[in-house]
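User: I'd like to learn how to read a two-chain model like this one. Could you walk me through it feature by feature?

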Amino acid sequence: MTTMETTATASIAARMDNGAKIYGEGDTEVRALDGVTAQFESGVFTAIMGPSGSGKSTLLHTLAGLDVLSDGQVHIGDIELGSLKDKDLTLLRREKVGFVFQAYNLIPTLSARENVLLPLLIAGEDHDEEWFNQVVGILGLGDRLTHRPSELSGGQQQRVAAARALVSRPEIIFADEPSGNLDSKSAAELLDFMRRAVKEFGQTIVMVTHDPVSASYADRVIFLEDGKIVDELLDPTPGTVLDRMRQLGA
Amino acid sequence: MIRTALKTVFAHKLRLALTALSVMIGVAFIAGTFIFTDTIDNTFNQLFEDVYEGQDVIVQAETEFDVGFSGPPPIDESVVDVVRGVPGVELAEGNVGSFAVIYDKDGEAIVPTGPPTIGASLTEDSRLNGNAQLRDGRLPEASGEVAVDARTAQDNDLQVGDVVQVQTPTDVGDFEIVSIIGFGESDNLAGATFAGFEFETAQRLFDLEGQVSSITVIAEEGTSPDLLRNAIASALPDGIEAVTAADEAADQSEALSDQLGFLQTALLVFALVAVFVASFIIQNTFRIIVRQRQKELALMRAVGATGSQVVWMVVIEALVVGVVASVVGIAFGFVIAQGLTGVMSTIGFDLPASSAPLAPRTIIVGLTVGIVVTVMAAVLPAVRASKIPPVAALQDVDVSLRMSDRRRNIIGGGVLAIGVGLIVAGLFGDVLDLGPLNELSAVGIGAIFVFLAVSVLSSTIVKPFARVLGWPMPKIDNLTGTLAVENSVRKPRRTATTASALMIGLALVAFFFVLGDSIKASAGAAIEEGLRADYVINVDGFGGGFGQGLGEELRDAPEVEAVTPLRFGFWDHDGTDDFVMGIDTTTIDQTIFLGVTQGSLEALGDGGVFVLEDIVDQEGWVLGDTIPMGFSATGLQDVEIVGVFTEANVVQSNYLVGLDFYDENFEGFGTDLDFVLAVAAADGVTEDASRAVVESAAADYPNVNVRDQAEYRQSQEDQVDQLLVMFNALLFLAVIIAMFGITNTLALSVFERTREIGLLRAVGMSRRQIRRMIRWEAVIVAIIGAILGIIVGLFFGVIVTAALASQGIDVLSIPSIQILGLVIFGAIAGLLAAILPARRAAKLNILEAIAYE
């Protein structure tokens, strides 16, 4: 993997080169990321796994432009994030990146429909009604669109969040424990949908999780420990993921 | 427990600062009012002490009643020798005083607005001149010489040796300045101009030959002023009294302080409005704080804190805020006092600069009001906090302890009814037996009830209100507009209270707009109907008059048909000061329409009094009754009502007497002055011709203004406008406090919505859009406040105007443009209030915000 140091091609949605994130100084120095190099190809569903404090959330945040690396580079498509000002980063998030967080993903004062369309509303852009209908149709949200988040179940709320991430057709979607707060049935529905988005629409998704079952929905799993990538697994199943985790000596 | 509470206070410095700020402004206003009025009191005390410095006894005419602002009438000069003959008198000298206007080098009269233009005699022995001291030159010795005060000299570039014009009751003439006078440390006497003359010259100029205004006495060494006073008193003829200089100084300063008492009351009312507004802010802040700390408080309950301990925690926090804010507020009172001096001087009430005292009363009242209001406002939220079941709060269940809307509306409606009832009862009287409440406090308390009720009721109408107001916003500004509207209705109670704080200030502004416009319209209509004269001559400012020579001169002019002088005087009406106007009964029919319904003007010329119809009805008098009127010169008189009239707006008095009656009863008390001349031009004389005649005659009287009907009407309107400007300037403080309220509420709301804002930022909302969203929200809240304020203000304005119909304010006029302007003003206030919270929201770190619990 580290040998593929070529210039960004259309097939690479995001990549990190020798990324480091350091908090504090001297004795209290913590290296949340310690020389991470990784590429995320378009149309691939990647899961990032690792124990608590391994740096997986930091990796996600720095990739998404929500946080800044101490050293190294991040590219989304052709754009290097380190040189961007806050305003440009905001635009980048709006246009090229989608997000699904663990909880509190929605704006309580907006309807489900408005929440789905949020990035486009922020940008003041028109939406593609056909695409919108397709997305909400797959997610089974058609009859809930006028409801406020407080009137939706947890599973429905996360599906609205997923639809929001998809509707602007971003280059890449970052998901931070999206099923973490859901019961197993709702979690399965959501993850299944994310996989379909990758397979059917060619979407790129990077998901942080600590759950082997969730990770098994991905095409590829990256294992992180102490801020470094320690292993990688392609076409995972819950069993292979669990084995690998045990090997890593958690 | 106390330590926990204190820690919480200091952990949230911004919140503390903003809450404290609203209390602070209110307290500062109260303290400022006291400091300001105390300063005035001190100034006058000092002034009169200085004036009588070194003197022991004053001999002057005895007056029956201490009314009005003119001094006692003159006494015969022969009394001076009587006093000199009393054993123990080292020195006794008569002096005379009146007015004297000094002209500058360009021939413009130097007339301060407010303080008088003093003319007085100066004597050789400097002890008799009080604290007046020569700064330059020598005392006037001859008839063409004058001494002027140092301030007037300085401001107008006058020096010893310059020749200036000076106008006195008898003449305008040229005088050489021979001395510049200072008064102790001061350059003038409390803002007054001063022209000093040699004694006999002064007698002649003031038309007081053979008379003195008072006699100043200095005791021989070793003779006490009190004993000397007694000795002199027993030697004096009837009608003349002797008082010690110390008593006279105290009397005079007390009389002036009393006249300024209304000022203190008025300012305190505005201060209390500010505190009332602040109490809304405090209550809202504590409600939000308690809500945000619901979990924390519940945890404390779960680990064993009692409900009352939770209440105490919140109350202690309020106590700290109250104490800090009150102390800082009292300190800021000095700034407010300075500001008030500035406001007074812009409306023409020049006050001398003087040290500002901090009386114990100022500290006590400031602290008490600040602390009590803060703690009271926090108690309700605290009690509510203590009722949250610990388990529910810990499980993050949204515990709603709010009253149901229905119950809230019933209570609000009840309070509203009581408030309106009190106002109606207070304004129209006789409806209810109000017991110990007088009418004015009934209206005041009623207004407070109305404000509280509207605040309570508005929480149910905030939602539809905001939606309607916000309707255009999504069109203007798609997403941020929608979010702003929705955010503003999320906590209707919070929005309602925030808006209500703004409502109070703006309601009072709207009220004054309506009342002021109605007064203007009524006065205008009255002038149009009631003023038959072509010209009105008067002095602007506070009760100034001018020599009668002007009226006499005009009466003789062929271009003039009729001249009616109006002469003003105070009388004692069962212990309160009332006033009466002396009118020329032979000409008034040609100049001013009085609407006489009973009696005749001829009868008034022979004596008796005309009373306004409404007063007659109110007092239950009938034609032919005699009423007791107390006059300074003649004491208590039984005066017959010889007529009733209906139009008081032009004569501006509810009681009218003939000039003979006036002269008799006000002998020596300003009887030598006209206050108004109403002049009717002769038929067939062109406007230009008549005006030229009137103006050239008036040119000799520097302080008078000549106005035709339209100009006179305008001048009356300008006076009302000046008052409006002053009231609105004072109410501006209440609006500023309300703005802090919006800022505080928004800041706390932003804090609550941290995670939401983080999400918006994460999915691509720019900082600018975040700021815009917060600003729109503030504008919505502010406009709701403005509209509520306008509704309440219009109600107050209409009802008060209706109640004043009998006082001559019989035209209701609503200045719609100004009132609509309040909405824009409110919106701007909202925008300004949103600056800080918007910036804060935009600066949130996205990652921390998303992770925020």
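**A helix and its neighbours**

Analyst: Let's start with helix H2 (residues 86-96) of chain A, where A:Leu89, A:Thr90, A:Leu92, A:Arg93, A:Arg94 and A:Lys96 are buried. Keep in mind that this is a predicted model.

User: How do I read a pattern of buried positions along a helix?

Analyst: The general idea is that an α-helix has 3.6 residues a turn, so residues three or four places apart point the same way. Then ask what the buried positions pack against.

User: Which elements do the buried residues of H2(A) pack against?

Analyst: Within chain A they meet strand S4 (71-76), strand S5 (79-80), strand S6 (97-100) and helix H4 (118-123), and from chain B they meet H24.

User: That takes us to the other chain. How many residues does each chain bring to the contact?

Analyst: In general, the size of an interface is often given as the accessible area lost when the parts come together. Here we can go by residues: 19 come from chain A and 19 from chain B.

User: Which order do the strands take in the open sheet of chain A?

Analyst: The order is S2-S1-S4-S5, four strands with antiparallel pairing. Strand S2 (30-41) and S5 of chain A are the edges; each has a single partner strand, so one side of each has no neighbour in the sheet. Inside the sheet, strand S1 (residues 12-23) of chain A pairs with S4(A) over 5 bridges in the antiparallel sense, and A:Asp17 sits opposite A:Gln73.

User: And what does the open sheet of 4 strands in chain B look like?

Analyst: That one runs S3-S14-S1-S15, with antiparallel pairing. Strand S3 (89-95) and strand S15 (240-244) of chain B hold the edges. From one strand to the next the twist averages 20°. Helix H6 (residues 225-235) of chain B packs on this sheet, touching S1, S3, S14 and S15 of chain B, and its direction makes about 175° with that of S15(B). For one pairing in detail, strand S1 (residues 57-61) of chain B joins strand S14 (residues 214-219) of chain B over 3 bridges, antiparallel, with B:Ile58 bridged to B:Thr216.

User: How should I read the two faces of a strand?

Analyst: In a regular strand the side chains alternate between the two faces of the sheet.

User: Which strands run antiparallel to S26(B)?

Analyst: Strand S16 (residues 535-539) of chain B joins S26(B) through 4 bridges, with B:Tyr535 opposite B:Val679. Strand S18 (residues 560-573) of chain B joins S26(B) through 6 bridges, and there B:Pro565 stands opposite B:Leu677.

User: Where does B:Val679 show up in the nonpolar core?

Analyst: In soluble globular proteins, nonpolar side chains tend to be buried together. The largest nonpolar core here has 336 residues, and B:Val679 is one of the four that touch the most other members, along with B:Val148, B:Ala274 and B:Val277. Leaving aside neighbours within four places in sequence, B:Ala274 contacts B:Ile25, B:Gly26, B:Phe29, B:Leu733, B:Ala734 and B:Ile737.

User: Is B:Ala442 buried or exposed?

Analyst: Buried, because 21 other C-beta atoms lie within 10 Å of B:Ala442, and the cut-off is 20 or more. B:Ala442 lies in helix H13 (residues 439-470) of chain B.

How values were computed
Residues are numbered from 1 along each chain as its sequence is written. Chains are lettered from A and ligands numbered from 1 in the order in which they are written. This is a predicted model: local features need pLDDT of at least 70, side-chain atom pairs count only at pLDDT 80 or more; totals for chains, interfaces and linings use all residues. Two residues are in contact if their C-beta atoms, placed from the backbone, lie within 7 Å. A nonpolar core is a set of buried Ala, Val, Leu, Ile, Met, Phe, Trp, Tyr and Cys residues joined through C-beta atoms within 7 Å. A residue is buried if 20 or more other C-beta atoms lie within 10 Å of its own, exposed if 12 or fewer, and partly exposed in between; C-beta atoms are placed from the backbone. Helices (H or I, at least four residues) and strands (E, at least two) are DSSP runs, numbered from the N terminus. Two strands pair if DSSP finds at least two bridges between them. Axes are lines fitted to C-alpha atoms, for helices over the stretch in contact, and angles run from 0 to 180 degrees between N-to-C directions.
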